Amino acid sequence: MARLGTLGCLAAVVLGTMWFGAAGASTTPGSTVPLTGGGLKGKPGYLVYWDQNEEVDFLHMPSGTQGQLLPAWDLNGQVCVLPDGRFVGGYDPTLPNQRDLGSAKPYKQPADGEELDEPNGSFSGETLSVPGPYKMKGQSVGQDSPPTADGVFNNNSTYTGCAVDRHQNIFGTDIATAQGSYPPPSSGRLVEWFAPHYTTSCIVYGPTSGGYGPHHTDGSGGLAQPGTMALAPNGDLLVPNVGTSSVLRFAISSLPSSAAQCPGGMYQRDKVKVSDFVSGISFPAGVAEDPTCGCYAVSSFIGNPSIVWVTADGKPQPGYGTVPGTPLADMGTNPNQYNPFGLAFAPDGTLYFVDIHITCKAALTGCGPAAYGGRVMRVPVTGGQPGTPVTVAGGFDFPTSVTVCVPAKTRCPYPTGRIKAPLSGPSENPAPDKGPASDRPATAGFG
């Protein structure tokens with residue numbers, strides 16, 4: 001890696017450490033698997049979901065119940081809920097040296113994509129990916145992103161953000177090779193899969209030159225570390241993009257609504273209408289709608305403020321405060337500091353965000369997310385003024401996103417049977433020192 005300045009070194013450590021890892025397994029998307037039971041509908045309150053070390057956990061409010069939705073097995077990105085209670089999230093192969101039990105389970109295929117899970121938290125057996133020739137040992141389904149020289153797939157492709165549009169088409173952001181360098185390379189992609197079966201994909205926006213194959217994977221001209229997504233009121237996609245220090249707005253009217261409009265699986269760049277929704281945001285990571293004002297919050301994991309509110313047009317929201325952050329010069333100096341990544345709002349305007357919790361061994365040296373230091377935090381907002389963030393749950397490795405679901409409005413994922421507490425800290429350590437005993441790809445279930 002080329003020598004970087006102080007900011008570049010810090011960002012390289014943060015970005016590279018955060019996005020390394022996940023497990024794998026899958027069958028062919030679009031199979032007619034019956035919907036598995038589970039989930040909540042018509043109940044009061046709301047549910048908050050977060051990913052951490054390939055596990056998906058939840059908090060039910062106002063009861064305060066916490067538990068596992070999806071035990072450790074690959075998922076390490078934003079969770080997006082479909083109307084029937086199924087949900088999707090980015091996945092990649094859990095490696096043996098990761099501190100979670102998912103590395104004992106079969107790999108999903110292909111190696112990287114969005115996995116489709118059931119309302120009870122089990123894997124449906126279906127994955128969403130971009131087809132190509134690159135496969136892991138024992139797999140019959142390939143992807144278009146090749147492994148690194150040492151055979152690691154998720155260093156070249158990692159799906160992080162997601163969104164479901166009004167037609168239930170699914171969008172995913174792939175940070176690609178933006179996993180340890182600053183400025184991040186423009187190898188990232190926005191990919192769309194079409195309802196109802198999600199068997200066809202379209203690279204809506206991605207690299208236009210260099211790289212591998214017809215899709216220019218590991219090329220340039222695409223997104224530069226895209227983050228977790230949200231929808232604008234008219235359905236436009238809002239995508240944080242570190243490389244441009246902005247949140248991009250993709251006009252939904254300019255994007256394909258079916259595979260027929262995306263021949264060859266790669267959309268024409270000149271058809272895409274993209275603009276800056278918010279600009280001048282350092283290290284933008286997440287964006288979410290505040291239902292109490294019709295405005296949006298945007299997070300930055302490095303810088304002060306760390307969370308700002310903007311109007312539906314991307315302008316500063318009048319009368320609203322900000323959540324203080326950590327200036328670069330103070331990074332890693334205070335154990336009580338927080339570094340917001342993904343965020344979401346409860347119906348009453350309460351803000352939840354993930355703290356990736358950066359620490360440093362010395363002043364701006366050896367900086368990165370603290371092992372077992374990640375947290376989910378809650379911020380009360382009164383009259384547009386955010387209060388002091390309070391920890392809801394913590395002791396996590398690599399949490400990245402939060403999602404809120406309201407059972408009174410839709411079916412929300414929820415486990416059946418006894419609730420198991422989230423795993424964190426030393427409880428994650430009984431992982432095996434080598435990968436799955438079999439190369440056979442995973443099938444539906446809990447692994």
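Predicted model: local features only at pLDDT ≥ 70, side-chain atom pairs only at ≥ 80, totals over all residues.
Local features need pLDDT of at least 70 and side-chain atom pairs count only at pLDDT 80 or more, while totals for chains, interfaces and linings use all residues. Residues are numbered from 1 along each chain as its sequence is written, and side-chain values use heavy atoms, with hydrogens and water left out.

**Exercise 1.** Determine which parts of the chain the pair Arg189 and Asp174 ties together.

*Solution.* Step 1: Arg189 lies in strand S11 and Asp174 in strand S10 (residues 170-174), so the parts tied together are 15 residues apart in sequence. Strands (E, at least two residues) are DSSP runs, numbered from the N terminus.
Step 1: Asp174 has 1% relative accessibility and counts as buried, where buried means under 20% relative accessible area (1.4 Å probe, protein chains only). Arg189 is also buried, at 1%.

**Exercise 2.** Identify the salt bridge between Arg189 and Asp144 and its N to O distance.

*Solution.* Step 1: The closest N and O atoms of Arg189 and Asp144 are 2.6 Å apart.
Step 1: Asp144 lies in the loop between strand S8 (131-134) and strand S9 (159-164), so its pairing with Arg189 joins parts 45 residues apart in sequence.
Step 2: Asp144 is buried, with a relative accessible area of 8%.

**Exercise 3.** State which residues are linked with Asp74 in a network of salt bridges.

*Solution.* Step 1: The network links Asp74, Lys108 and Glu115.
Step 1: Within it, the side chains of Asp74 and Lys108 meet at 3.5 Å, N to O.

How values were computed: Salt bridge = Lys/Arg side-chain N within 4 Å of Asp/Glu carboxyl O. Helix = DSSP H or I, 4+ residues; strand = E, 2+ residues; numbered from the N terminus. Buried < 20%, exposed > 50% of the residue type's maximum accessible area, 1.4 Å probe, protein only.
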